[in-house]
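Subject: Structure handover

Hello,

Please find the structure below, with the notes after it.

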Amino acid sequence: MTTLRIGAHQARLLHLAAQGLLARPRRRARSADVLAAIERMRVLQIDTINIVARSPYLVLFSRLGAYRKEWLDECLAQGTIFECWAHEASFAPRADYALHRRHMLGRDAHWSMKNARRMYAEHRDEIDALLAHIGTHGAVKAADFERGEGAAGGGWWGWKNEKRWLEALFALGELMIARRENFQRVYDLRERVLAHAEVHAPNGAIDAEVSESTMRREFTLGAVRALGVTQARWINDYFRSGGKLKDADLDAFVDAGELLRIEVEGWKHPAYVSADQHELLHSAVAGRLRATHTTLLSPFDPVVWDRERASAMFDFDYRIECYTPEPKRRYGYYVLPILHRGRLVGRLDAKAHRADGVFEIKSLYLEADVEPSAPLLDAIAAAIHSCALWHATPQVSLGRCDPKSVRRALMQALARE
């Protein structure tokens, strides 16, 4: 049987179509679109950095255009999504709760679980008392507790005791996040959060037990579907569900007709497409997929969070530098990749000054092989303008550009918006 072969550009379009980034939104966003986007991606990574917009909100903006941020908060409060450890801290659709619950129970090597078990062993009485307090008095925030002397903000090492204990109970599955208030987690008993979610669940209980094998099977197939096209080695990174898979690990899925094994021009290894997306695959082969979208991506967008995958698929070397010491940064603190019509054409280091209404672009870089044509710069200017308006920072400040000749033309394009 002849193996289907597609071009590298077709693979990119297939990936972007699966992620909801192929075409510009055709209409104004609605509240239901937020849940639909999360269900399509299967996981929406959470990060608290607010230099532009917190990452989950920006990921949704890239796909939906201007929408109301509170719609994401409402999804969590209504129980249509929940928080979990997947590809780092993430939102996931409630239909996947049982899979993530099984995954959590087997993540003894994850740093959050190691810290949680150590914390519980050292502070069992206090943590049990905190859990009992929540059971009696209801949901709490870390801010409800006074900070002890000498405590400082930051990670596990800088949190006050109650925050560490709440996070330990969350990692252990005793607590869930009922909602967020000003992006602060509100913790409640798992059974109460699930009971609230099940009131709105169309298919009854969402807390059914699943086996380890079922979890791994569904995460494998789900990752391939969310990615559109992928190599075996990239699959488990999507949910952080294990080590890198080999092609032989997917033979059974291919033999059963659940995955299609294809070749992508320029890739050394086979690629995989979900059988559920065979029509999308054949649209790519037939040249019917058209990339029309230009937008800014979050540093934590699924398209770029795997450096190897972004390099192989887009020839785009991207590293998140916000956690890198400043002297070692190449491009800046919070660098947003620029997606233009199926390509990652550049990146910009941005900051939203909300009090002043200014969207600052400290620096902007085009890829070396990208021609700074007028249509490209117009599209980038429109994407920047749209993002700035959504942030309520309509005044755009543009710093240095590479190449230098781009700055004047881009300033002119921004002035026309």
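Which residue just after α11 takes a positive phi? Arg-240 does, at about 55 degrees. Helices here are DSSP runs of H or I with at least four residues, strands are runs of E with at least two, and both are numbered from the N terminus.

This is a predicted model, in which local features need pLDDT of at least 70 and side-chain atom pairs count only at pLDDT 80 or more, while totals for chains, interfaces and linings use all residues. Residues are numbered from 1 along each chain as its sequence is written, and side-chain values use heavy atoms, with hydrogens and water left out.

Backbone and burial

Helix α11 (residues 232-239) is largely enclosed by the rest of the structure, because seven of its eight residues are buried (under 20% relative accessible area, with exposed over 50% and partly exposed in between, for a 1.4 Å probe and protein chains only). Among them are Trp-234, Tyr-238 and Phe-239.

Most residues other than glycine have a negative phi, and most peptide bonds are trans. Arg-42, not a glycine, has a positive phi of about 75 degrees. Arg-42 sits in the loop between α2 (31-41) and β2 (44-45) and counts as buried at 12% relative accessibility. Phe-183 also has a positive phi, near 70 degrees; this residue is in the loop between β6 and β7 (184-189) and is buried, with a relative accessible area of 9%. The peptide bond from Asp-402 to Pro-403 is cis, with omega near 5 degrees, and Pro-403 belongs to the loop between β14 (395-402) and α16 (406-415).

Helix contact

The axes of α1 (residues 8-19) and α10 (residues 212-227) come within 6 Å and cross at roughly 110 degrees. Axes are lines fitted to C-alpha atoms, for helices over the stretch in contact, with angles from 0 to 180 degrees between N-to-C directions. That makes α1 roughly perpendicular to α10 (65 to 115 degrees; under 35 is roughly parallel, over 145 roughly antiparallel and the rest oblique). His-15, Ala-18 and Gln-19 of α1 meet Arg-225, Ala-226 and Leu-227 of α10, where contact means heavy atoms within 4.5 Å.

Cavities and a pocket

On a 1 Å grid over the protein atoms alone, a cavity is a set of points where a 1.4 Å probe fits but cannot get out; a pocket is an open set with protein on both sides within 12 Å along at least five of seven lines, and lining residues have an atom within 4 Å of a point. Grid points are joined across faces, edges and corners, and a volume is the space filled by probe spheres set on the points.

There are three cavities of 30 Å³ or more.

Helix α9 gives the most to its lining, with three residues.

The second largest pocket holds about 510 Å³ of space. Of its 27 lining residues, Arg-24, His-293, Thr-294, Ala-382 and Ser-386 lie nearest the centre. Helix α15 gives the most to this lining, with nine residues.

Regards
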